[in-house]
Every structure is written in structure tokens, then in C-alpha cells.
Amino acid sequence: VQLVESGGGLVQAGGSLRLSCAASGNIFSINTMGWYRQAPGKQRELVAVITNGSSTNYADSVKGRFTISRDNAENTVYLQMNSLKPEDTAVYYCNADDVVTTWGYEYDRWGQGTQVTVSS
């Protein structure tokens with residue numbers, strides 16, 4: 001299973017970005033997809049996750065500003081980020097967990113990351 005992120009970039013504070021992550025690899029279904037981020041000198045942290053049934057969970061720091069969604073038919077997850085702040089600057093990683101493929105289950109798969117930089 002491979003995950004490929006896109007949509008990062010440089011934006012001014014208050015602006016918006018939309019991240020996308022497409023999973024590939026003979027996939028039948030993916031239970032949970034999510035976004036994590038890692039700022040320089042900090043640990044990777046949860047941003048938002050969404051289940052196959054569309055239940056969501058957000059970090060307190062992004063509630064009301066970020067929205068996670070997914071397209072199960074395309075095995076793609078999105079992160080709409082509005083009202084961005086400089087403290088949102090980080091590398092954003094896509095994650096897929098409990099993936100059912102033609103050869104079995106795969107767990108905790110990660111993308112390569114995409115840089116989001118918010119200038120003040």
C-alpha cells in the first residue's frame with residue numbers, strides 16, 4: 001500500500017490549503033485514514049482522523065478550522081485547512097490503518113509527507 005500526499009505549500013496567516021492523500025495497492029477497504037503533523041523539534045501529533053463510517057476526531061488545536069473528509073471509492077482522504085496560523089507550520093503526513101488488500105491486511109501505513117508553511 002502506498003500513500004501519496006499533495007497540496008502543501010506556503011500560505012499567509014488566515015489563508016487556506018487543501019491537502020489530498022491517495023492510497024493505492026489493490027485495496028478493498030481502509031478502516032481509518034488520517035492526518036498527522038510534525039513541526040521542527042517536536043513529536044508527530046494527530047491532526048484529524050476519519051473512519052470508514054465517516055466518524056471523525058480532531059486535535060483541539062484545529063477544531064473549527066480544519067475539516068477531514070474521504071472518498072472511499074477513490075481511497076482518498078482530504079484535509080481542508082482554513083484560518084491557518086503560523087503554528088500550523090509542519091510537515092503533514094497521511095496515515096492509513098487497517099487496510100484490507102488482495103493479499104491480506106496492512107496496518108499503519110504512512111505517506112512521505114508534505115510541507116505546510118504559514119507565514120505571519
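The following conversation concerns a predicted model of a single chain.

Visitor: What does the chain contain in helices and strands?
Guide: In this predicted model, the chain has 0 helices and 12 strands. Read along the sequence, the pattern is β-β-β-β-β-β-β-β-β-β-β-β.

Visitor: What radius of gyration does the chain have, and what would a compact globule have?
Guide: The chain has a radius of gyration of 14 Å. A compact globule of 120 residues would have a value near 14 Å, so the two agree.

Visitor: And what box do the C-alpha atoms fill?
Guide: Taken along the principal axes, the box is roughly 45 × 25 × 20 Å.

Visitor: How much of the chain counts as buried, and what area is exposed?
Guide: Of the 120 residues, 42% count as buried. The chain exposes about 6,200 Å², and carbon and sulfur atoms supply 45% of that area.

Visitor: What about contacts between residues at least 6 apart in sequence?
Guide: Among those contacts, 56% join residues at least 24 apart.

Visitor: Changing topic: what is the strand order in the open sheet of 4 strands?
Guide: The order is E1-E3-E8-E7, with antiparallel pairing. The edge strands are E1 and E7, the latter covering residues 66-71, and each of them pairs on one side only. From one strand to the next, the twist averages 15°.

Visitor: How many bridges join each pair?
Guide: Strand E1 (residues 2-6) is joined to strand E3 (residues 17-24) by 5 bridges. E3 pairs with strand E8 (residues 76-81) over 6 bridges, and E7 pairs with E8 over 6 bridges. The sense is antiparallel for E1 with E3, for E3 with E8 and for E7 with E8.

Visitor: Which residues are partners across these strands?
Guide: The bridge partner of Val-4 in E3 is Ala-22. Ala-22 in turn has Thr-76 as its bridge partner in E8.

Visitor: Thr-76, then: buried or exposed?
Guide: Thr-76, whose place is in strand E8, has a relative accessible area of 8%. The cut-off for buried is under 20%, so Thr-76 is buried.

Visitor: What does Thr-76 touch?
Guide: Leaving aside residues up to four places away in sequence, Thr-76 touches Cys-21, Ala-22, Met-33, Ser-69, Arg-70 and Asp-71.

Visitor: Where does Asn-75 lie, and what is its phi?
Guide: Asn-75 lies in the loop between E7 and E8. Its phi is positive, about 50°, although Asn-75 is not a glycine.

Visitor: Why does Asn-75 count as buried?
Guide: Asn-75 counts as buried because its relative accessibility is 15%, and the cut-off is under 20%.

Visitor: Which loop holds Asp-108, and what is its phi?
Guide: Asp-108 is found in the loop between strand E10 (104-106) and strand E11 (109-110). Phi of Asp-108 is near 50°, again a positive value in a residue other than glycine.

Visitor: How is Asp-108 classed by accessible area?
Guide: Asp-108 has a relative accessible area of 44% and is therefore partly exposed. Asn-75, by contrast, counts as buried.

Definitions and conventions:
Residues numbered from 1 in each chain as written. Predicted model: local features only at pLDDT ≥ 70, side-chain atom pairs only at ≥ 80, totals over all residues. Heavy atoms only, no water. Pairing = 2+ DSSP bridges. Helix = DSSP H or I, 4+ residues; strand = E, 2+ residues; numbered from the N terminus. Axes fitted to C-alpha atoms, helices over the stretch in contact; angles between N-to-C directions. Buried < 20%, exposed > 50% of the residue type's maximum accessible area, 1.4 Å probe, protein only. Contact = heavy atoms within 4.5 Å. Rg over C-alpha atoms; globule rule 2.2 N^0.38 Å. Areas by Shrake-Rupley, 256 points an atom, 1.4 Å probe, with all protein chains shown as cover.
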